[in-house]
Amino acid sequence: MIRCIMFADRLSAWFGKAFAWTILVMTFGVAYEVFVRYVLNAPTSWSLDVSFIMYGTLFMMGGAYTLSRGGHVRGDFIYRLWSPRTQARVELVLYFLFFFPGVLALVLAGWKYAARSWRYLEVSVNSPAGIPVFQLKSVIVAAGLLLLIQGIAQVMRCLLCIRTGEWLHATDDVEETEVLLTQQSVRDVLEHGSEAIDIVRPSDTGGGRDGRRP
C-alpha cells in the first residue's frame with residue numbers, strides 16, 4: 001500500500017512540475033503582448049489565446065500534485081481539532097461521497113468534450129488568429145485520470161492513518177511563502193530573544209523629569 005502511495009505521489013509530482021514550466025510561456029506571451037501593444041502599437045492576435053491555454057493547462061495538470069501535498073483549500077477550523085484517526089475516517093467517507101463521483105464525471109464528460117473537439121479540429125473563437133484548441137481539451141481527461149490515481153492513493157493514506165493513528169505525508173519539496181516567513185520569524189525570536197534590552201524609564205527609578213532623585 002505504501003509503495004502504491006509513493007508511486008502516485010511521484011507521478012503527480014512529475015506531471016505537476018513538468019507542466020509548471022507553462023507559466024514561463026504564459027509570462028513571455030503576456031510580456032511580449034504588453035511591449036508590442038503599448039510601445040510598438042502593434043498588438044498580436046494570439047497572446048490572449050496563449051495565456052488562456054497555458055493557464056488552463058497549468059491549473060488542470062497541477063491538481064493531482066496539489067492534492068498529494070494537501071494544498072487544496074480546506075475549511076479546517078474544526079477538522080484540525082480532531083485526532084488523526086477521526087480526520088481519516090471523515091476524509092474516507094467524503095472521498096467516496098464527493099471526490100470520486102466528481103472526478104469520474106470530469107473524465108467522462110471531458111472525454112466526450114475532447115472527442116467532439118478533435119472531430120472538427122476546434123479553433124479558438126477569442127481572436128481572428130484561429131489558434132487550435134482541440135488538443136487542449138484532452139488535458140481535461142488527463143487531469144481527471146491523474147486526480148483519480150491520486151485519489152486512490154489518498155484513500156490508502158486514510159486507511160493507513162486509521163490503522164496506525166498517524167498520517168503518511170508526502171515528501172516535502174515545496175512550501176508556501178507564508179509558512180516559511182512564519183518559521184523564519186520564530187527562529188529569529190528564539191535566536192535573538194536573549195539579546196533584548198530592557199528600557200528603564202526615569203519614573204521607574206524614582207527620579208524627576210531630569211532623571212535625578214529629588
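Modeller: From the N terminus on, the elements run α-α-α-α-α-α-α. Keep in mind that this is a predicted model.

Colleague: How many helices and how many strands are in the chain?

Modeller: The chain has 7 helices and 0 strands. Buried residues make up 30% of its 214 residues. Buried here means under 20% relative accessible area.

Colleague: How do you know what span to expect of helix H1?

Modeller: The expected span is 1.5 Å times one less than the number of residues. H1 covers residues 2-19, which is 18 residues. The expected value is 26 Å, and H1 reaches 26 Å from its first C-alpha to its last.

Colleague: What about H3?

Modeller: H3 has 15 residues. It reaches 21 Å between its end C-alphas, close to the 21 Å expected at 1.5 Å a residue.

Colleague: Which residues of H1 are buried?

Modeller: Ile5, Ala8, Asp9, Ser12, Ala13 and Gly16 are buried in H1. They cover an arc of only 130° around the axis, so they lie on the same side of H1.

Colleague: What does the face turned away from that buried side carry?

Modeller: That face carries Arg3, Arg10 and Trp14, which are exposed. Exposed means over 50% relative accessible area.

Colleague: What covers the buried residues of H1?

Modeller: The cover includes helix H3 (47-61), helix H4 (63-68) and helix H6 (134-164).

Colleague: And which residues of H3 are buried?

Modeller: Ser47, Asp49, Ser51, Ile53, Met54, Thr57 and Met61 are buried in H3. The buried residues of H3 pack against H1, H2, H4 and H6.

Colleague: Why is Val34 called partly exposed?

Modeller: Its relative accessible area is 44%.

Colleague: What share of contacts joins residues at least 24 apart?

Modeller: The share is 72%, among contacts between residues at least 6 apart in sequence.

How values were computed
Residues numbered from 1 in each chain as written. Predicted model: local features only at pLDDT ≥ 70, side-chain atom pairs only at ≥ 80, totals over all residues. Heavy atoms only, no water. Buried < 20%, exposed > 50% of the residue type's maximum accessible area, 1.4 Å probe, protein only. Helix = DSSP H or I, 4+ residues; strand = E, 2+ residues; numbered from the N terminus. Arc of directions from axis to C-beta. Contact = heavy atoms within 4.5 Å.
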